[in-house]
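Hi,

Here is the structure I promised to pass on. Have a look at it first, then read my notes below.

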Amino acid sequence: MTTNRCHLVEVTPMPDVRYSLNLGYLHATAAADPQCADAYTITKHVIFQVPGLVDRIDAWLDTLDHVDTLAISVYFWNRAPSFYIVEAVKRRWPDCVVIMGGNDVSHQTETVFAEAPGVDVLAHGEGEMVFRDLLRTLSGGGQLETVPGISFRRDGEIVVNPVGERIKDLSVIPSPLLSGVYDIKDISSSRIIIMETNRGCPYSCAFCYWGGATQSKVRPFPLERIKEEITFIVTHAAQDATLFLADANFGILPQDVEIAEWLVAELKRLDKRIFLFTNWAKNTSKRVLRIADILYSGNLIAAVTLSAQSFSPDVLQIAKRSNIKPDYYRSLQQEFQQRGIPTYTELIWGMPGETVESFLSGLEYVIDSGGHPVVYPLLLLNNTEYTSEAFRSDHSVRTRHLPYQITNPEMRAEFVVAHAKMSKDDWLRGMELRLSMAVFYGALLRGLLRVVSRQSGRRVVDLCMLLVDFLRTTDPATTVGAIVANHRDIWIDPQAFDADLIIGITGSDGIPEHLHYQALLRHLLDTGAFADFIRQAAAHLWDRLNPDDVSPHEYAELVDYQVFAVGALAASVRRDPPSGPVTMPLSRRIHELLVETGQLPVPPVGFPHWAEVTLDPDRFTTSPVDSLLLAIYHGSVQVAKSFHTAAVLDQGVVSLDAG
């Protein structure tokens, strides 16, 4: 008996990945059903979304013998190539049944059928049981009307079946890792391994497809199964691979503590090193602190991400966002600092209701609380309240379709570029501030900015705004000026992206979301041009300060300190540290100011109030930049972990000697 040749496809933005959690779930669930197992031969394809992928699809199809059934998962980033694959398959094998699922399919029936005429069936919501039931029906000659959670075409009309209930007991879904549907080589050859420990999100954020679309109770997978999967991954994954826990809120459940403990114990038992990435619980709790302690001390994470998105009450109300209370956020930062655990605070620029001033105030609150802001532009995602016509109209939302990854024009997303409280010019200025904050507060002038802010009463964000103007006036004939100009140009016209310039500096492993920052920092540190750049930026800032803000002598010493600290960073990241300790004397006054602003550690009891900054290559494990931005420099979060300690993240020194 000839079995139906069913091909499962996912186009992924992640390189060096052969394992797909989504495809594994579908395959394992179908394979566990005797009728499906007899009727279908299932093959999985994880395709990396390189630029120009659509031009390579026909060559890939030449390698396939025949496709009777095609199932493909669609998200906003892979929409264009996925639709192309559907049409290419349908041209070759007109009788092939094409099934499409994923977030960009649910509740998008008419749109998807119109854009992808080759699709026969759409699977909505959780796909495992829908896919199994659909394969049963197709192989047994049943009626599609009996399958919950699908829509399909019949005689030119679209039929939409009621969506079934969510899977209450997740143990009914076979494990893709433990069921044998993946070869061990698929695991060991994947740079990133994705797994879930729970599903669902109790929040209803209007911008998020997780909670806004589902607002469901969190349902855990069985703890013993999770432990078995972790052991399997730790055993077979490559050294330095990344494990991504794709939960919406890791740390929200009591069992998450035991999961963290088990992961650390298994890594130690098997002498393995793996980096962990996850989405932390939105309203960070004491449980998250405990889990972060476990994972950080186990060398699995570089930092904990706090998802604030905004600190404006108006913005949060519009977004239906239940946020961390400001006072609690500040106390959390203090607790993380006391434990020596770095944090990053995610903020979204462009949320409806946000003004330039309210956003700057939120950024400054993060900085003033001891946090490290990381800014992302707002994308509109299908099935969220933000995308509804009523919401767009009420808030005068204006969008543009731009590349989600600037290196790949096929990976497009809908960016919010204006709304009732934000003009297009405001949005562009905010994107320029994002680069300025990363370059100067995140890397090259942090200590100076902190001290000048303390002395002058000016906010750090306002000082970084002044440095936006410095970047804009940098000579475009220079490499730095060309990078800065190209960064601004791409937000106006994505086709202006200068790949030869930017990728020529970052290499092929650049992080697309931060590519221009990465190119700028690499160029400055690798060529040694950072010293002149720091002095030029500091001079630009000095010319715009009031005479009483800080004395010329103190300012000059702060500039020297920044050049010294970044010079040590440059030598470290180039793997070319000095042969012995390098010392810079500090005046008592500057040392006290750097300690007061958190740039240098408090001297031990009995130490004088002044000291020399000593950078010892044998002990230098810290940097004057935050570790996320250093990770971006390297293109790897794992590498960045070797450049900071648990006790001192960004303080620029490792020892203090009496002066």
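Let's start with the cysteines: there are 0 disulfides in the structure, a disulfide being a pair of cysteine sulfur atoms within 2.5 Å. For C6, the closest cysteine sulfur is in C96, 8.6 Å away, which is too far for a bond. C96 is likewise in no disulfide. C6 has a relative accessible area of 0%, so it is buried, and C96 counts as buried too because its relative accessibility is 2%. (Buried means under 20% relative accessible area, exposed over 50%, and partly exposed in between, using a 1.4 Å probe and protein chains only.)

Before you go further, a few ground rules. This is a predicted model, where local features need pLDDT of at least 70 and side-chain atom pairs count only at pLDDT 80 or more, while totals for chains, interfaces and linings use all residues. Residues are numbered from 1 along each chain as its sequence is written, and side-chain values use heavy atoms, with hydrogens and water left out.

Now the helices. Helices (H or I, at least four residues) and strands (E, at least two) are DSSP runs, numbered from the N terminus. Axes are lines fitted to C-alpha atoms, for helices over the stretch in contact, and angles run from 0 to 180 degrees between N-to-C directions.

How do helix α16 and helix α18 pack, and at what angle? The axes of α16 (residues 424–444) and α18 (residues 460–472) are 8 Å apart, at an angle of about 100°. They are therefore roughly perpendicular to each other. (Under 35 degrees counts as roughly parallel, over 145 as roughly antiparallel, 65 to 115 as roughly perpendicular, and the rest as oblique.) Contact means heavy atoms within 4.5 Å, and among the residues making it are L433, M437 and F440 of α16 and V461, C464 and V468 of α18. By class, this contact has 13 nonpolar, 1 polar and 4 charged residues. (Ala, Val, Leu, Ile, Met, Phe, Trp, Tyr, Cys and Pro count as nonpolar, Asp, Glu, Lys and Arg as charged, and the others, Gly among them, as polar.)

Helix α17 (residues 446–456) crosses helix α24 (residues 588–596) at roughly 95°, and their axes come within 9 Å. So α17 is roughly perpendicular to α24. G447, V451, R454 and Q455 of α17 meet R589, L593, L594 and E596 of α24. That contact has 3 nonpolar, 2 polar and 3 charged residues. Helix α17 is mostly covered, with 8 of its 11 residues buried, including L448, L449 and V452. Just after α17, G457 has a positive phi of about 80°.

Next, a sheet. It is open and has 3 strands in the order β8-β11-β12, with parallel pairing; two strands pair if DSSP finds at least two bridges between them. The edges are β8 (192–195) and β12 (275–280), each pairing on one side only. Neighbouring strands are turned by 25° against each other on average, direction ignored. β8 pairs with β11 (residues 242–250) over 4 bridges, and I192 stands opposite T242 in β11. Helix α9 (residues 223–236) lies across β8 and β11, at about 175° to β8. Helix α11 (residues 286–297) touches β11 and β12, and its direction makes about 170° with that of β12.

P409 and V50 are 359 residues apart along the chain, with their C-alpha atoms separated by 10.0 Å.

Cheers
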